Amino acid sequence: MAWRRRIRTRRQQAWGTVVCGTLAAGLLALGVHLGLSAVGRLALTGHPLSMRVTVCDTNGPATNSRYGPTDPGLWCKGYADGHPIRATGFTSSPFPGAPVEVAREPWGSWVPVDQGAWNKAGRALSPLIPLAFAGVFAWWTLINCRDWRNSRRSPTGS
C-alpha cells in the first residue's frame, strides 16, 4: 500500500494553533519569571546587604513519606543594618553569626546572592532556554494562523 500524506482538517489546524500559542505564552511567562528571579539572585537591583544570621529553620520536613526527599525550603533570620530580615532559598544552613550577602527580589522577598562564577552564569543564562522555545512555538503559531487564514480565502482550499 502506498504511503499517503494525511491532510489536516481546519479543526485540527485550529487546535494545533491554540496548543502552540498556549505553550508559547507559558514558556514566555517562565522565562520572564526566571529572568526576574535572576535579577534578585545576582544582586542587580539596588545594593546587596550583609545579613548576620541568627537562626535558620526549614518550612517542612526534609522527606515526604510518600514521594521521598523534597526541597526543605531553608530560611534564615538575621539583622542587616539594624533591621530584621527573613531570607529564603538557602541551599545549606550558614553558621550562626556568619555574614551572608542577601538581596531583594523584584517581588519583595530576600534571597542569598549567588557567589560562584558557575552559579552566576547558570542563573543568568537560565531564562534563555524557555525564551528560545517560546520563540519557536510563537513562530509556529503565527505560521499556522497565517496558513489557516489564507486557506479560507482561496477558492479551492489548501
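**Entry 1. Terms and model**

I take buried to mean under 20% relative accessible area, exposed to mean over 50%, and partly exposed to mean in between, with a 1.4 Å probe and protein chains only. The model I examined is predicted: local features need pLDDT of at least 70, side-chain atom pairs count only at pLDDT 80 or more, and totals for chains, interfaces and linings use all residues. Residues are numbered from 1 along each chain as its sequence is written, and side-chain values use heavy atoms, with hydrogens and water left out.

**Entry 2. Overall fold**

I looked up the secondary structure, where helices (H or I, at least four residues) and strands (E, at least two) are DSSP runs numbered from the N terminus. The protein has three helices and seven strands. Read from the N terminus, their order is α-β-β-β-β-β-β-β-α-α.

I then noted that the protein has 158 residues, of which 26% are buried. The accessible surface, from the Shrake-Rupley method with a 1.4 Å probe and, for residues, only the protein chains shown as cover, comes to about 11,300 Å². Carbon and sulfur atoms hold 62% of that surface.

**Entry 3. The disulfide**

I searched for disulfides, defined as pairs of cysteine sulfur atoms within 2.5 Å. The count by this rule is one. C56 is joined to C76, with an S to S distance of 2.0 Å. C56 lies in strand 1 (residues 49–58) and C76 in strand 4 (residues 74–80), so the bond ties together parts that are 20 residues apart in sequence. I recorded a torsion about the S-S bond of about 105°, so this disulfide is right-handed.

C56 is partly exposed at 23% relative accessibility, whereas C76 is buried at 0%.

**Entry 4. The salt bridge**

I applied the salt-bridge rule, a side-chain nitrogen of Lys or Arg within 4 Å of a carboxyl oxygen of Asp or Glu. D114 forms the bridge with R123, and their closest N and O atoms are 2.9 Å apart. D114 is buried at 11% relative accessibility, while R123, at 26%, is partly exposed.

**Entry 5. Surroundings of T141**

I located T141 in helix 3 (residues 128–153). T141 counts as buried, with 15% relative accessibility. With neighbours within four places in sequence left aside, T141 is in contact with T17, C20 and G21. A polar atom of the T141 side chain lies 3.5 Å from the backbone oxygen of C20. C20 is likewise a buried residue, at 12% relative accessible area.

**Entry 6. The nonpolar patch**

I looked for patches, which are made of residues with over 30% relative accessible area and no salt bridge; like charges are joined within 9 Å, and nonpolar side chains (Val, Leu, Ile, Met, Phe, Trp, Tyr) within 5 Å. L28, V32, L36, W107, L125, L128 and L131 form a nonpolar patch on the surface, and together they have about 640 Å² of accessible area. Helix 1 (10–41) and helix 3 are the elements that give two or more residues to this patch. Which element gives the most to the nonpolar patch? I found helix 1 to give the most, with three residues. L36 lies in helix 1 and is partly exposed, at 35% relative accessible area.

Technical notes:
A polar contact is a pair of N or O atoms within 3.5 Å; within protein, one must be able to donate a hydrogen and the other to accept it, and residues adjacent in sequence count only if both atoms are side-chain atoms. Contact means heavy atoms within 4.5 Å.
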